[in-house]
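Subject: Structure handover

Hi there,

Here is the structure I promised to pass along. Please have a look at it first, and then read on for what turned up.

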Amino acid sequence: MSTENTIQHKIDKADLDGKQEYTITVYAENRIGLLNRIAIIFSKRKINIESLNTSPSEIDGIHRFNIVITESYEVVRKLARQIEKQIEVLKVYFNTNEEIIWQELALYKVSTDEIAEKVTVERLLRQYGASAVVIRKDYTVFAVTGHREETDALVKALEPYELIEFVRSARVAIIKDSAGFHEKLKEFEAFEPGEELVENEFLDKGEKIFTM
Amino acid sequence: METAQDTLQQTETKAEASKTLFKGTGSQVLLNGLIEEGVTTIFGYPGGAIMPIYDALYDYADKLEHILVRHEQGGIHAAQGFARASGEVGVVFATSGPGATNLVTGLADAQIDSTPLVCITGQVFAHLLGTDAFQETDVINITTPVTKWNYQVTDAKEIPEVLAKAFYIAKSGRPGPVLIDITKNAQLQVEEFPEYVKCNHIRSYRPKPKVRVEYIEQAAALINEAKKPFVLFGQGIVLGKAETEFKAFIEKTGIPAAWTILGESAIPTAHPLNVGMLGMHGNYGPNVLTNECDVLIAIGMRFDDRVTGRLDKYAKQAKIIHLDIDPAEIDKNVKADVGVWGDCKETLPQLTKLVHENKHEDWLAKFREYNQQEIDQVITPELYPTSEEMTMGEVLRNINEICGGDAVIVTDVGQHQMVACRYAKFNNTRSNITSGGLGTMGFGLPAAIGAKYGAPDKTVIAIIGDGGFQMTPQELGTIMQFGAAVKILILNNRFLGMVRQWQQLFHDKRYSFVNITSPDFVALAKSYYIEADKVDDRANLRKALETMISHEGSYLLEVMVGRENNVFPMVPQGMSVSEIRLK
């Protein structure tokens with residue numbers, strides 16, 4: 001039975017009760033109030049959102065949310081269904097880190113004097129793939145794009161050298177296995193949707209990305 | 001050529017549309033839309049921010065009946081009662097600020113019990129939003145977790161489309177409450193509006209899926225092999241208007257079926273395969289045998305904790321088949337071996353086609369055995385008490401004998417609710433109206449008023465405890481003014497009975513603030529010009545009930561029942577359904 005297969009597949013990947021990072025991708029209409037509707041699905045269950053990004057998607061007029069939480073597979077699956085149940089949400093996917101390509105952007109403001117004086121800082125910056133966004137007499141702003149560990153590592157490294165300000169963006173993620181949303185949208189707009197739309201994990205997704 | 005033709009057609013349609021343009025205010029176009037949606041009854045209460053709508057309503061008195069309730073909570077419960085009795089969408093009007101916040105309990109109740117409602121709230125002028133204006137409250141954010149959908153209108157041009165969406169969302173798929181908040185400027189705004197078009201498609205909303213045969217086949221295979229199959233049904237049958245399809249399914253397979261309290265009247269009480277009530281105060285057999293069946297078929301129910309008791313000891317031996325229209329319910333509390341996602345109006349006939357005809361005589365006999373034990377130990381003493389004090393059960397028995405199962409019974413919340421659900425007999429669907437999921441005390445009286453409007457030809461009996469009645473007694477005023485012929489039966493045990501029962505059983509009889517006094521209910525009713533009577537001994541009970549039921553118009557009867565009677569059987573909280581206690 002395909003149910004068993006799909007669930008088994010997920011169990012193999014992650015211990016069922018074990019928590020791990022999941023990235024939830026939500027395709028939704030761009031509507032005032034929807035962010036709140038989605039956010040309270042988490043807060044109602046006392047689940048902390050670690051990172052949340054809203055942005056346009058590959059389709060004009062459709063918004064894409066990326067939400068990162070650390071939870072068990074079972075919990076994430078239920079959350080995904082609750083989110084997809086909201087009227088203005090078109091589709092929800094959730095993926096483990098192996099299943100996505102993701103980036104976060106971090107900005108670091110450091111004293112220009114410090115880096116001018118201390119060669120090691122410059123070396124550090126090269127080592128972490130940082131680029132200078134602004135260089136002024138008093139301070140310089142560097143940017144690093146990468147995974148959490150990478151941007152965190154540079155914070156650690158810069159600490160001794162007067163890190164004036166630090167900020168990191170939410171995670172943005174692309175699903176490795178996704179064919180995008182163009183085709184699906186046509187289905188959604190059709191009055192009688194095809195079977196593609198009623199797929200869920202009870203059925204034959206096998207190795208494919210999870211979709212409900 | 002084709003393109004040219006298309007364009008021509010489009011131009012024609014546009015021209016036609018412009019002919020039927022309606023020029024008027026946002027308020028008028030809202031009321032026109034309600035009429036287009038088939039609304040005839042509105043429960044509401046006016047106020048500053050909704051005055052333009054009420055002003056327009058003044059001219060619609062021949063088409064829209066407005067029931068002026070005495071509190072917005074009463075209004076929304078009435079709309080719920082209306083929707084539950086009639087199967088139509090209930091409509092509520094309320095003003096901004098306190099008017100809107102008074103709807104919240106009803107919204108939460110309708111959300112958890114999947115009741116279709118459209119609530120219209122007035123809001124301050126758009127230019128005042130966010131200024132803490134008089135009676136401004138952030139209604140959209142307050143109601144987001146308790147509505148299926150909500151929307152704030154600040155421009156009248158949006159009204160027809162938003163209203164059409166609201167009705168479509170409220171009643172399609174798994175129904176639920178919808179709220180539209182309309183700023184005062186939009187209510188006053190004069191525009192030219194196109195013809196009202198009902199909504200039947202929203203691209204981001206899939207009310208029900210196309211049913212996949214795989215689900216049905218897998219379910220049928222399990223059912224056909226089962227030796228001890230057991231059906232649990234909920235309100236999904238009623239909401240899906242699939243009572244006939246459900247009956248055909250159980251009759252072909254011969255599977256015993258038990259109900260959640262919201263599913264109760266989906267099939268007649270007397271049906272030979274109806275084995276009774278599930279859950280905390282449900283029947284003995286259905287609870288115990290949940291843990292003995294080999295295939296559990298859950299239809300249109302959501303495995304509420306009051307039904308399942310302790311989850312890790314719930315039906316572990318059984319294969320679970322779960323039919324539901326809401327995919328978020330499948331696997332939520334109980335993991336399904338086969339999840340049949342779909343509208344049971346469609347899935348049940350398909351399933352019935354694939355299952356074998358069967359009779360599970362031995363298995364049904366087991367239910368009868370347990371039932372006999374329950375009759376001997378619990379039911380007979382409750383329905384035919386030998387004590388001096390009257391029991392709630394004997395009141396229900398008398399109602400059954402007088403009404404023969406044809407009345408609509410609306411209950412409040414507490415002991416009387418459990419007794420009414422356990423013992424009331426029903427012949428017809430949509431006859432049992434109660435606050436199941438939220439357990440809202442104060443629901444009974446206003447919901448019964450609404451139910452009378454939703455089922456005007458039926459006898460509507462509101463069974464309410466002395467505690468619950470005192471939460472919304474102001475709606476006697478609504479009855480007084482509009483004459484809804486509701487029979488109000490107060491079962492008075494001078495306690496908040498259900499809490500007292502728990503304090504007795506689990507808190508060493510420490511009766512903490514459950515001793516509640518009551519006003520003279522008869523005098524109270526009479527002050528609202530409602531006929532009333534009180535009974536405190538058995539000799540007068542039957543006669544008093546007959547008088548109440550045969551009385552033309554509304555009537556209140558207070559029956560004094562035993563103070564410290566308990567509702568049994570009972571699955572104590574945190575215990576397994578098979579650990580159900582008979583005493």
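**Helix packing in chain B**

H4(B) and H19(B) make a right-handed crossing (a crossing is right-handed if the near helix is turned clockwise from the far one by less than a right angle, and left-handed if anticlockwise). H4(B) spans residues 72-86 and H19(B) residues 444-454, and the two pack at about 40 degrees with their axes 6 Å apart. Helices here are DSSP runs of H or I with at least four residues, strands are runs of E with at least two, and both are numbered from the N terminus. Axes are lines fitted to C-alpha atoms, for helices over the stretch in contact, and angles run from 0 to 180 degrees between N-to-C directions. H4(B) and H19(B) are therefore oblique to each other (under 35 degrees counts as roughly parallel, over 145 as roughly antiparallel, 65 to 115 as roughly perpendicular, and the rest as oblique).

Among the residues in this contact are B:His77, B:Phe82 and B:Arg84 of H4(B), together with B:Pro446, B:Ile449 and B:Tyr453 of H19(B). By class, the contact of H4(B) with H19(B) has 11 nonpolar, 7 polar and 1 charged residues. Ala, Val, Leu, Ile, Met, Phe, Trp, Tyr, Cys and Pro count as nonpolar, Asp, Glu, Lys and Arg as charged, and the others, Gly among them, as polar.

Before going further, a word on the source. This is a predicted model, in which local features need pLDDT of at least 70 and side-chain atom pairs count only at pLDDT 80 or more, while totals for chains, interfaces and linings use all residues. Residues are numbered from 1 along each chain as its sequence is written, and chains are lettered from A and ligands numbered from 1 in the order in which they are written.

With H18(B) (residues 415-423), H17(B) (residues 392-403) crosses at roughly 40 degrees, the axes coming within 9 Å. That makes H17(B) oblique to H18(B), and the crossing is right-handed. B:Met392, B:Gly393, B:Leu396 and B:Arg397 are the H17(B) residues that meet H18(B); the contact divides into 5 nonpolar, 3 polar and 1 charged residues.

With H24(B) (residues 538-550), H17(B) crosses at roughly 50 degrees and the axes come within 10 Å. H17(B) is thus oblique to H24(B), and the crossing is again right-handed. Here the H17(B) residues include B:Val395 and B:Ile399, and those of H24(B) include B:Leu541 and B:Glu546. This contact has 7 nonpolar, 1 polar and 2 charged residues.

**Chain A and its interface**

Chain A has 7 helices and 9 strands. Of its 212 residues, 30% are buried (20 or more other C-beta atoms within 10 Å of a residue's own, with C-beta atoms placed from the backbone).

How many residues does each chain give to the contact between them? Chain A gives 27 and chain B gives 25, where two residues are in contact if their C-beta atoms, placed from the backbone, lie within 7 Å. H3(A) supplies the largest share of chain A's side, 4 residues. That side has 14 nonpolar, 4 polar and 9 charged residues.

**Confidence**

Chain A averages a pLDDT of 82 (the predictor's confidence in each residue, from 0 to 100). Residues 1-14 of chain A have pLDDT below 50, and residues 196-212 stay under 50. Where pLDDT is low, the predicted coordinates should not be read in detail.

Best wishes

Terms used. A residue is buried if 20 or more other C-beta atoms lie within 10 Å of its own, exposed if 12 or fewer, and partly exposed in between; C-beta atoms are placed from the backbone.
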